[in-house]
Amino acid sequence: MAKHDDTANEAIAAAANAAEQIDHETAPVVDDAPEEDVDTRDAKQVAVDEAKEIFSVVAVALILVMILRTFLFQPFTIPSASMEPNLYEGDYIIVSKWDYGISKYSFPIALPFIKGRIMNHAPKRGDIVVFKLPSNTKIDYIKRVIGLPGDTVQMKQDQLYVNGVAVPNTELGPVDAKGFEARYATAYRETLPDGRTHLMQDIVKDGRADDTGEFVVPAGNYFMMGDNRDNSLDSRFSPDDPYEPGVGFVPAENLEGRAVLILMSWKEGSSLWKPWTWLNFHWNRFFKPLH
C-alpha cells in the first residue's frame, strides 16, 4: 500500500508541476500588457499645436462669415431719420446681398478688378436699397429706388412725378418726426407707377426739395429718395452742392443689397458700450418686414 501511495503522490506532484509550468508560459507578463497613449511632446510643442488648432477654427469661422456677409445677408444699423416713418434711428436691419448680384462693393474691402455686376439683377422701383455713396464709397447710405434708368423724376409743390405722371398718395394723418424741430409730420401712403405702395412723410410745405427741375436718370444709374421727404439728402441733391451735398445718381455697381427685415431696434441713447442699455429696445419693431 505504501509503495502504491508513493507512486500516486509522485504522479500528483508531477501533474501539479506541469500545470504550473503551463500557467507560467501562457500567462501574460507585465511587459506584454497594452500601454496607454503617452503624450511625449514638450510643453512648447503642445502650446504650438493648440495655437494652430485655435487659428484653424478662427480662420474657418472668418471664411464662413465673409461668405455669408458677401453673398447672402449683412446687418446694418440705421444712423439717421431719412427713412422715417419706415426706418428709425437705432433700427438694426438685415440686407439681402444676393438680390442684385455681386459687385466690387459686395466685399468687406472693395475689389477693383471686378467691373460692373456679376449675376446682375436690376432693382425694382420701390426697393429699399443700401448702397455706397458715389462721392465717398467708404460711406453706406440707405434710400428707396424711385427712378429707374431712363425715367424722368421731378418734385413740384410737394408732389412727386415719375415720367410726367403724378404719383398718387393718400394722407394718413400726423406722425412723430424725430430729429426735426417740428417734431411731427404728415404721413402718406404713396403708390408708385408699377403699383407698389409704401409709407412716406412730409414735414413742411414748400421744403428745400419740394420743387425741383426734371432729373433724367442715366443708363446704369438709379434715382434714390428718402421716405422722410423733408429730411433726406438724396438724389434730388447734387454731390457737388457746397452747402447741402447729396447723393446724385447712384451707379448700379454701388448697390450693396435690398433691406428686407428690421431685426431689432434700440431706443435713443442705447449703446454697446453701455451694458445697462442693452435691453433698451423698441420691442414692437422686432422682426418687422420692410416694404
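Select V153 and F215. F215, in strand β11, is the bridge partner of V153. Strands here are DSSP runs of E with at least two residues, helices are runs of H or I with at least four, and both are numbered from the N terminus. Before going on, note that this is a predicted model: local features need pLDDT of at least 70, side-chain atom pairs count only at pLDDT 80 or more, and totals for chains, interfaces and linings use all residues. Residues are numbered from 1 along each chain as its sequence is written, and side-chain values use heavy atoms, with hydrogens and water left out.

**Stop 1: the sheet around β5**

Now show all of β5, residues 152-156, together with β11. The two pair in the antiparallel sense over 2 bridges. Two strands count as paired if DSSP finds at least two bridges between them.

Turn to β6. It is joined to β5 by 4 bridges, and the two run antiparallel. V153 has a bridge partner here too: V162 in β6. Next, select the turn. β5 and β6 form a hairpin with 2 residues between them. Q157 in that turn has a positive phi of about 50°.

Strands of a sheet pair through backbone hydrogen bonds, either parallel or antiparallel.

How many of the 5 residues of β5 are buried? The count is 4, so β5 is largely enclosed by the rest of the structure. Buried means under 20% relative accessible area, exposed means over 50%, and partly exposed lies in between (1.4 Å probe, protein chains only).

**Stop 2: N163**

Move to the loop between β6 (159-162) and β7 (165-166), and pick N163. N163 is not a glycine, yet its phi is positive, about 55°. N163 is partly exposed, with a relative accessible area of 43%. Most residues other than glycine have a negative phi, and most peptide bonds are trans.

**Stop 3**

Go to F287, in the loop between β14 (255-265) and β15 (288-289). Its phi is also a positive value, near 55°. Is F287 buried or exposed? F287 is exposed, with a relative accessible area of 57%.

Then select E84 and P85. The peptide bond from E84 to P85 is cis, with omega near 10°. P85 sits in the loop between β1 (73-77) and β2.

**Stop 3: the three-stranded sheet**

Display β8, β9 and β10. They form an open sheet of 3 strands in the order β8-β9-β10, with antiparallel pairing. β8 (169-176) and β10 (197-202) stand at the edges with a single partner strand each, so one side of each has no neighbour in the sheet. The twist averages 30° from one strand to the next. Angles run from 0 to 180 degrees between N-to-C directions, and axes are lines fitted to C-alpha atoms, for helices over the stretch in contact.

Zoom in on β8 and β9 (residues 184-191). 7 bridges join these antiparallel strands. To find one, select D176; its bridge partner in β9 is Y184.

**Stop 4: K104**

Select K104, in the loop between β2 (91-96) and β3 (128-133).

Leaving out residues up to four places away in sequence, K104 touches I109, A110, L111, P112, I114 and E253. Contact means heavy atoms within 4.5 Å.

**Stop 5: D140**

Pick D140 in strand β4, residues 136-147. D140 is partly exposed, with a relative accessible area of 34%. Its contacts, residues up to four places away in sequence aside, are F76, V130, F131, K132 and E256. The C-alpha atoms of D140 and V130 are separated by 6.6 Å, with the two residues 10 apart along the chain.

**Last stop: the whole chain**

Zoom out and colour by pLDDT, the predictor's confidence in each residue, from 0 to 100. The protein chain averages 83, and 80% of the residues score at least 70. Where pLDDT is low, the predicted coordinates should not be read in detail.
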